[in-house]
Amino acid sequence: MEKIFNFEDRLVRFAGECIFFTRQLEKLFENEYYKNQLIRSSGSASLNFGEAQGTITDKDFIFKVPLVVKR
């Protein structure tokens, strides 16, 4: 597997890998709950990073990036 050094590309790939992973799980009630949560949270990290890149000030960027890492 090739190494990706761009953080945004890594987040997008992580979200995709989470989707592929959840497809392999059994269709149990508990799994469905956590599958949905994993897909939402992994996707939101990449979207929030894109939002942080679109900020105008450095202060706003510094405020938004920890939200990405926290998720």
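Tyr-34 is exposed, with a relative accessible area of 57%; exposed means over 50%, buried under 20% and partly exposed in between, with a 1.4 Å probe and protein chains only. This is a predicted model, where local features need pLDDT of at least 70, side-chain atom pairs count only at pLDDT 80 or more, and totals for chains, interfaces and linings use all residues. Residues are numbered from 1 along each chain as its sequence is written, and side-chain values use heavy atoms, with hydrogens and water left out.

Now the aromatic pairs. There are 2 in the structure. Rings of Phe, Tyr and Trp (its six-membered ring) pair if their centres lie within 6.5 Å, and planes under 30 degrees apart are stacked, over 60 edge-to-face, the rest tilted. Phe-7 and Phe-49 pair edge-to-face, at 5.0 Å between centres and 85° between planes. Phe-7 belongs to helix H1 (residues 7-23) and Phe-49 to helix H2 (residues 29-53), so this pair ties together parts 42 residues apart in sequence. Helices here are DSSP runs of H or I, at least four residues, numbered from the N terminus. Phe-7 is partly exposed at 33% relative accessible area, whereas Phe-49 is buried at 9%. In the pair of Tyr-33 and Tyr-34, the ring centres are 5.0 Å apart and the planes at 85°, so that pair is edge-to-face.

Next, H1 itself. Which residues are buried in H1? They are Leu-11, Ala-15, Cys-18 and Thr-22. Down the axis of H1, the buried residues fall within an arc of 60°, so they line one face of the helix; the arc is taken over directions from the helix axis to the C-beta atoms. An α-helix has 3.6 residues a turn, so residues three or four places apart point the same way.

Key: Helices (H or I, at least four residues) and strands (E, at least two) are DSSP runs, numbered from the N terminus.
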